[in-house]
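Dear colleague,

Please find below the structure that I am handing over to you. I would be grateful if you could read the notes that follow it with the sequence and the model open beside you.

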Amino acid sequence: MTTITTHYTSTQPIVELDRVSFSYLGSDREVLQNVSLTIDSGDFVLVLGSSGSGKSTFAMLLNGLIPHSIPGQLDGTVKIDGLLTMKTPVHELATRVGMVFQDPDAQIVNVLVQDEINFGMENLRWDENVIKMKAKQAMSQLGIEHLVGRNVMSLSGGQKQKVVLASVLALEPKILVLDEPTANLDPLGTKEVFDVIGHLNHEHNITVVLIENRVDELVDLVNRVVLLENGTISLNGPPGEVYRKLRGRTGLWLPQVTEMAMRYSSETLQLPMTVQEGCDFLVNGINHLQWQLKPEIDQQASILKTSEPLLEVKNLQFQYHIKLPLVLKKISFKIESGGIVAIVGQNGSGKTTLARLLVRILNPPVGTVFLNTQDIRHLSVKDVSSQIGYVFQNPDHQFVSDTVYDELAYSLRIHGFSEAEVEEKTREMILRMDLQGKEQTSPFSLSVGERRRLSVGTMLILNQKLVILDEPTIGLDPSHSHALMALLAQLAKEFGHTMLLITHDMRLVADWTSHTIVLNQGEILFDGETREVFQDSMLLREAHLTEPPIAKVVHRLRYIVPDFPHDIVSLAQLERIMPLNVQSMYERRTDYGS
Amino acid sequence: MAHDGSFLQYRSGNSPLHKLDPLTKLAGMLAFSFLAFGTYIAWMQSLVTLVVLLIAFIFGRFRVRDLIAATWFFGIACVGFIVIQSFTLPSSGPVLFRLFGHSFTTNTTGYAYAVGLRIYTIYLVSIIFIRTTSPRDLAVSITEGLKVPYRIAYSFFVAMRMIPLMQEEMAVIRAAQQVRGMGRRKGIRGQLQNLRQLMLPLLVRSMREAGTLVHSMESRAFGAFPTRTFTDVNRMKTKGKAITLALLALVVVWYVLVGLNIIHTQYIQ
């Protein structure tokens, strides 16, 4: 079995970077340093790297935005399809390189779908009939013909990103450069976008350069991985080779199946990456193993059973306007003190509205939301904010101060803490959030990951009993993401805090939460133990959710090894029933999948 | 949550006004504004306003409720203006009624009413235009019809497109700051601080999004050439030309008649 999927025989380089260095105007720091790289026609390249490693700068080099639109000091040469970007205007490169950015709302220019798709072709002064024909073809490639005539504001995130893709594809580029195109999408939207990109690569031989953190969804598509660190390429090669070299390093995502294999094997095997390969890996190991048939898999933070729930929602119904449809339809649930609870569901399912009702940004009807048995409508907004923290999805929205220190100190000061306490708690949180040395920096000048950590810190600093976090790990690299989740778990376990996590990241849900609420079209489809969510394929389908790879591996495994516990959804749970000391079994084997 | 925009946004529709080309509507907006400008007599101004309202209801298919929602705030401001004018302008003509020792005369009150209604009418015409004209169509029309460079026309169009996004952004920032426990400060200094704390994140977010938008546009060759192709343009047709000419004639005739003192649009002592 091979773990590297090469879709195309390499023909000729379509991208050539030769000793490229770049620093932005007004800065001495080289964001990219001496980068040399060639990409062959038809490759599907995944670019990994932590926040600030130079990924977005790298992307903008490929379509000529650097140096033509973004000034700075560029050394070395970049050739795209044989053309030197330095000497080729951006509009000429536009028909060779299509660029898609993270936020569809920020890159859509027009109001109507067809106007957006026509936009690039109109700029290039193509004939009207040609434009209509190419637009039709692009829409057909992406399966969005039915969106003609729609206002882009009315589309889902996945649909908007497809419209952006269609607009770029209509120009018939040979290379697609995508900078975290699924960061704002739910699991369904993400799958739709990745499926489309994979199809374009496979069927239309379009070279893909994808900057992403979600590696699990891409293992079947990618044939090459490039790792950027501090502006240099530190690893470059087939995925299996790159992932093998990442063994033991923190701060980068690995496919969950690969991570599993690394935990059980210290040898330089060909690592499994796909679900089937992971299944084969376990089957071969299981022949030599014993596992606990009744595993105790109550993970991370156990819920403290109390006589009264911390939060109770009773028949909560909400609509923004009498003429608009209900966003929440008489939902009821209880949340106990302590633990991490996930609220999941596709975009538009009512998650954010629910969170806003819980903190009284929106007013819930009287008698529907109770915090420690008190109706929150009888509490002032300030009282609610002192008991419930809410970390917004976009950190920028919450900043109110000019420096990182003041930002963290703000909540303490308005709640009357003494200046000595303010200083002590603020310093402690700066350390916890790994923001040392940034105390006097403006919050808005921080990197994406630092802004995210600061926003979480501003909410944790008050020690509220309930903290709602809306996609808290977006923009964080894996080491910071893990550190943040570990901190939340610690607060939940040791101090009885309750963390309510709104997320689309199913791996995060499986790894860290004990209790999950699934919302779908304003109704609760499921309210119970997290591991049960991933056992119910009907539920997953109905709520448009996906399982983490480990859960998929275990599902397949139960057909081969019927008595293997089938409710494993995370690596931590797997380790509980298959302790790591069994790794010697694997070390003697190198042919797990053959 | 996706919605169809605020009162100051285009709303898609199928009414005759939606189908009419933007330049004809622009001509209509200007024509009725000129008519309103040149009228100081209450009944005449009322007639102009009534015609505009009928156009909104019949050809724009506006609902009464929507029109009230879009104009009530401005309407109240105009009523305030009428009241102040009635009190402060010198009295002229027969006394209509007395209030708080002040005599309200037909000419003065009528003049104040006409001026207030004029402001409301011009606002109303603008609302009808904005709500029935796609910004993109307008940008295309002024590029093709009025020969405005498309880069300039598009910057106006993009700004219009960004308004609802910024409104949503502002609402989110307010909510986020409320969660931080930030109360609304009072007094001028406090209000300025409130504004600063609201505007800074909005400005930073807008700058970031504007940067992405510019890169997205440039990477799709925007501005590469002095001209560009426009597809599906709602160009001025015979009907539009006829309406524009008729409106132009109406305005010219109106002002000529006024200039020749054949009709009076203001009260004469």
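The notes below describe what was found, chain by chain, and then turn to the contact between the chains.

Please bear in mind throughout that this is a predicted model. For chain A, the mean pLDDT is 86, and 91% of the residues score at least 70. Two stretches of chain A call for particular care in reading. Over residues 1-10 of chain A, pLDDT stays under 50, and the model has 24 contacts for them beyond four places in sequence. Residues 293-305 of chain A also stay under 50, with 34 contacts beyond four places in sequence.

Chain A: overall form

Chain A contains 23 helices and 20 strands. Its radius of gyration is 25 Å, close to the 25 Å that the globule rule gives for 594 residues, so chain A is as compact as a globular protein of that length. Taken along the principal axes, the C-alpha atoms of chain A fill a box of roughly 70 × 60 × 50 Å. Of the 594 residues in chain A, 54% are buried. Among the contacts in chain A between residues at least 6 apart in sequence, 70% join residues at least 24 apart.

The domain assignment divides chain A into domain 1 (13-245), domain 2 (261-289 + 551-587) and domain 3 (311-398 + 462-546). The centres of domain 1 and domain 2 of chain A, taken over C-alpha atoms, are separated by 36 Å. Where these two domains touch, domain 1 of chain A contributes 6 residues and domain 2 of chain A contributes 5 residues. The side belonging to domain 1 of chain A has 3 nonpolar, 1 polar and 2 charged residues.

In soluble globular proteins, nonpolar side chains tend to be buried together. In this model the largest nonpolar core has 191 residues, of which V47(A), A166(A) and I468(A) touch the most other members. Neighbours within four places in sequence aside, A166(A) is in contact with I117(A), A138(A), M139(A), L142(A) and I144(A). Another core, of 29 residues, lies apart from the largest one and includes Y10(B), L35(B), V48(B) and Y113(B).

Helix α10 (residues 256-264) of chain A has 7 of its 9 residues buried, so this helix is largely enclosed by the rest of the structure. The buried residues of α10(A) are Q256(A), V257(A), T258(A), E259(A), M260(A), A261(A) and Y264(A).

Is V448(A) buried or partly exposed? V448(A) has 18 C-beta neighbours inside 10 Å and therefore counts as partly exposed, since a buried residue needs 20 or more. V448(A) lies in helix α16 (residues 448-460) of chain A. Not counting residues up to four places away in sequence, V448(A) touches S51(A) and G475(A). From V448(A) to D402(A) the separation is 46 residues in sequence and 17 Å in space, C-alpha to C-alpha.

Chain B

Chain B has 9 helices and 2 strands, and along the sequence these follow the pattern α-α-α-α-β-β-α-α-α-α-α. The C-alpha trace of chain B spans about 65 × 55 × 30 Å along its principal axes. Of its 269 residues, 34% count as buried. Among the contacts in chain B with a separation of 6 or more, 72% are between residues 24 or more positions apart.

The domain assignment of chain B gives domain 1 (16-141 + 235-259) and domain 2 (157-218). Between the centres of domain 1 and domain 2 of chain B, taken over C-alpha atoms, the distance is 33 Å.

Contact between the chains

How many residues does each chain give to the contact? Chain A gives 50 residues and chain B gives 41 residues. On the side of chain B that touches chain A, the elements giving two or more residues are α6 (135-144), α7 (150-179) and α8 (187-218) of chain B. The largest share of that side, 11 residues, comes from α8(B). By class, the side of chain B that touches chain A has 20 nonpolar, 13 polar and 8 charged residues.

With kind regards

Note on methods
Residues are numbered from 1 along each chain as its sequence is written. Chains are lettered from A and ligands numbered from 1 in the order in which they are written. This is a predicted model: local features need pLDDT of at least 70, side-chain atom pairs count only at pLDDT 80 or more; totals for chains, interfaces and linings use all residues. Domain bounds come from an automatic or database domain assignment. Two residues are in contact if their C-beta atoms, placed from the backbone, lie within 7 Å. Helices (H or I, at least four residues) and strands (E, at least two) are DSSP runs, numbered from the N terminus. Ala, Val, Leu, Ile, Met, Phe, Trp, Tyr, Cys and Pro count as nonpolar, Asp, Glu, Lys and Arg as charged, and the others, Gly among them, as polar. A residue is buried if 20 or more other C-beta atoms lie within 10 Å of its own, exposed if 12 or fewer, and partly exposed in between; C-beta atoms are placed from the backbone. pLDDT is the predictor's confidence in each residue, from 0 to 100. A nonpolar core is a set of buried Ala, Val, Leu, Ile, Met, Phe, Trp, Tyr and Cys residues joined through C-beta atoms within 7 Å. The radius of gyration is taken over C-alpha atoms; the globule rule is 2.2 Å times the number of residues to the power 0.38.
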